[in-house]
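Have the model on screen and follow along point by point.

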Amino acid sequence: MSRVLLVEADDLIRASLTKALGRFGHEVIATSSAREALASMSRHHPDVILTEHLLGGDITGSMMLEHCALVSPDCARVLMSSGDLPKKVLRRGAHDVYLAKPFSIHVVAATLGDLSSRDQPKAA
């Protein structure tokens, strides 16, 4: 499966997603802030970044994904949010997929599977 960099400020949600995605076969690197995630990107080289939009610091999830799109364009980017995102955030398009909370872990797992399969070479 894929290596997922999870960025979620809420301890309970982060722990639950980490455990559940691990059960689906993903390797999860969990962080609680955008700064921590950016620092760990070069060490872990994730296939997918799964981040909450509002992280409680000075860098939002969408701002972090904009940076990631520049430095690691092959890394898939998933933005999560429990509230309505401003249209300007959605128009920027720094994310490949937007997931509105609450969601089922099966939706997240299917999304990660779809993103992983898009990067696999097609059979001839």
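1. First, the ground rules. This is a predicted model, so to speak plainly: local features need pLDDT of at least 70, side-chain atom pairs count only at pLDDT 80 or more, and totals for chains, interfaces and linings use all residues. Residues are numbered from 1 along each chain as its sequence is written, and side-chain values use heavy atoms, with hydrogens and water left out.

2. Start with the sheet. It is open, with 5 strands in the order S2-S1-S3-S4-S5 and parallel pairing. Strands here are DSSP runs of E, at least two residues, and helices are runs of H or I, at least four, both numbered from the N terminus; two strands pair if DSSP finds at least two bridges between them. At the edges sit S2 (27-31) and S5 (97-100), each pairing on one side only.

3. Now look at Leu 6. Ala 30 in S2 stands opposite Leu 6, while in S3 its bridge partner is Leu 50. S1 is joined to S2 by 5 bridges and to S3 by 4.

4. Move on to S3. Leu 50 stands opposite Val 78 in S4, and S3 and S4 pair in parallel over 5 bridges. From S3 the chain crosses through H3 to S4, a right-handed β-α-β crossover (with the strands pointing away from the viewer, the path from the first strand over the helix to the second runs clockwise).

5. How enclosed is S3? 5 of its 5 residues are buried, so S3 is largely enclosed by the rest of the structure. Buried means under 20% relative accessible area and exposed over 50%, with partly exposed in between (1.4 Å probe, protein chains only). Val 48, Leu 50 and Glu 52 point one way from S3, and Ile 49 and Thr 51 the other way.

6. Which residues of H3 (61-71) are buried? Gly 61, Ser 62, Met 64, Leu 65 and Cys 68 are.
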